[in-house]
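Please take a moment to look over the structure shown here, and then follow the description through its chains, one after the other.

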Amino acid sequence: MVAVSSVDLEVNEKEIVSLIGPNGAGKTTLFAMVAGFLKADEGEINFENASIVGMKPHQICQRGMVRTFQITQPFAGLTTLQNIMVGAYSNTPQTISARKKAEEVAEVVGMTSLLSQGADGLTVAGRKRLELARALATDPKLLLLDEVMAGLNPAEIDEIVKVIKGIRDRGVTIFLIEHVMKAVMNLSDRTYVLNDGKLIASGTPSSVAENPQVIEAYLGHGAAEAMAEGA
Amino acid sequence: MSNLRRHLAFLVLGALGLIILPYFISSRFYIDVLTLIFFTAYLGQSWNILGGYAGQFSFGGVMFFGTGAYVSSILLTTFGFPPIFGIFLAILGGAFLGLIVGYMSFRSGLKGSYFALITLAFAELLRVLANSVEFTGGGVGLFLTYAPGLSNLQFETPVGFYYFALVLMFISIAIVYWLEGSRFGAQLVAIRENEDAAEALGIDTLRCKIYAIMIMGAMGGAAGTFYSQKYLYLDPPIAYSIHLSVEMLLVTIVGGMGTIFGPLVGAFVLHTVNEVARHFIDTPGLSLIVYGLILIIIIGYLPNGLIGAFKKKEKKSGSNSLDKKRSREES
């Protein structure tokens with residue numbers, strides 16, 4: 001069984017690109033391969049015109065590509081500040097500058113008031129933000145966000161959409177997996193659709209949303225026709 | 001800042017207390033017990049770095065101790081190499097063994113109980129090896145001569161060894177104190193808390209774990225020299241005794257893993273309990289049962305060790321100055 005096969009996609013500098021698709025389509029697997037957590041059997045992965053195939057996650061992170069986890073992976077026994085500092089330490093051995101960087105990042109993602117709180121006491125929204133903050137603290141060029149909005153309420157989603165836009169405006173390229181369509185529409189410059197491990201569509205979010213193949217992938221065979229008739 | 005100063009003052013006072021303590025104790029017995037407490041606390045601290053901070057539980061910590069002991073003792077008996085230099089080669093030997101064991105086990109992704117078991121296997125392997133080769137003295141063991149003097153790291157009075165052990169313990173506390181405020185320490189803790197996340201955030205987890213076990217190995221090596229110069233005899237069952245492997249993790253778990261003073265507190269409490277039980281209970285073996293019961297109670301009811309329990313109580317009572325201090329140190 002192959003989770004992802006023959007996927008060909010690219011993300012340009014300073015873009016926000018999204019990857020959508022039904023559950024089990026292989027989105028997270030694709031991310032894991034790109035970030036070095038899984039090894040692809042074949043194919044090329046290039047980052048800034050250099051191959052990163054076979055590199056370990058920490059090496060890829062040091063080159064400027066960092067991922068977050070769909071199932072949040074906080075350092076549960078540490079405070080929010082300490083969590084973010086771990087990310088910040090990737091660029092500085094100095095505790096003082098790591099702390100300063102962490103506080104800056106906390107400001108960007110709106111976690112300043114939670115800095116001294118233990119990560120195990122954070123809400124779902126807090127944990128999602130923490131994932132984002134830690135990754136951001138490594139000063140990435142490319143940020144891979146895996147469903148940072150899942151489980152959030154609409155108000156929290158609006159906030160994090162704003163945060164992500166702010167991050168892009170600071171010059172960070174963003175590639176995100178998302179199920180929340182409103183956010184995908186709102187954020188993405190381009191969208192790829194993955195189904196059964198294969199890319200079935202790509203383009204602007206609105207063009208993709210009207211693509212019959214995409215509708216069928218989500219709603220089942222014949223759904224596109226039914227919707228067209230209904231409309 | 002005043003908190004930090006108070007903390008520092010407290011530390012200096014404690015250290016001074018331990019330094020002048022021998023002038024108030026005339027009993028050789030108590031000096032020996034205290035020496036043993038420092039020695040165990042020191043070994044516990046070495047275990048704490050890999051186990052408490054990096055979260056990699058080893059069950060064969062004694063292998064570094066035994067190897068260090070053999071390195072300096074063989075150098076001394078065969079070549080007349082003075083232990084005051086031999087201890088540095090014992091440290092190197094322990095670190096090198098740590099490199100080998102760490103590379104082999106972490107490289108292949110061993111963690112949790114698998115890592116614990118592989119370290120146990122390494123220690124046992126070394127014990128059997130030490131038994132079967134000639135240059136270790138085999139099963140007969142190595143006898144060292146008693147010739148007090150700094151170059152031999154031997155002393156005329158038990159108080160000399162007391163200070164030797166005390167210095168080792170101070171050094172171990174300094175190492176962990178540094179760890180708490182450093183990037184390396186934060187990286188080890190990140191690995192303990194979540195290895196995947198640590199790796200994703202740019203931490204070379206393999207390298208960090210190998211460094212941690214090398215530090216543990218170096219510390220164990222020095223302990224080996226201390227032991228062989230104090231007790232003047234070494235054979236494979238002593239050098240690679242499972243009992244010592246267990247003791248170093250026990251004092252740390254009882255005192256509090258991943259804390260600066262956990263191993264010292266644990267060593268102090270366990271040795272005291274042990275001695276008191278032995279003193280008041282005449283029936284042979286019964287003191288061990290009492291010791292075991294107290295151990296069960298501590299581990300069962302205080303999963304974070306004595307220091308963890310103390311911190312929780314501080315937090316509950318609203319005075320969280322200690323926690324603030326700790327978070328400042330840790331960050």
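Two residues are said to be in contact when their C-beta atoms, placed from the backbone, lie within 7 Å. With that cut-off in mind, and remembering that this is a predicted model, we can begin with chain B, where 76% of the contacts between residues at least 6 apart in sequence join residues that are at least 24 apart.

In secondary structure, chain B holds 15 helices and 2 strands. Its C-alpha trace spans about 60 × 50 × 40 Å when taken along the principal axes. The radius of gyration of chain B is 20 Å, and because a compact globule of 331 residues would have a radius of gyration near 20 Å, the value for this chain agrees with that expectation. As for burial, 44% of the 331 residues of chain B count as buried.

We can now turn to chain A and go through its features in turn. Chain A contains 10 helices and 8 strands, and its C-alpha atoms fill a box of roughly 60 × 40 × 30 Å along the principal axes. For a chain with 231 residues, a compact globule would have a radius of gyration near 17 Å, and chain A has 18 Å, which agrees. Of those 231 residues of chain A, 43% count as buried. Finally, if we consider the contacts in chain A with a separation of 6 or more, residues 24 or more positions apart account for 64% of them.

How values were computed
Residues are numbered from 1 along each chain as its sequence is written. Chains are lettered from A and ligands numbered from 1 in the order in which they are written. This is a predicted model: local features need pLDDT of at least 70, side-chain atom pairs count only at pLDDT 80 or more; totals for chains, interfaces and linings use all residues. Helices (H or I, at least four residues) and strands (E, at least two) are DSSP runs, numbered from the N terminus. The radius of gyration is taken over C-alpha atoms; the globule rule is 2.2 Å times the number of residues to the power 0.38. A residue is buried if 20 or more other C-beta atoms lie within 10 Å of its own, exposed if 12 or fewer, and partly exposed in between; C-beta atoms are placed from the backbone.
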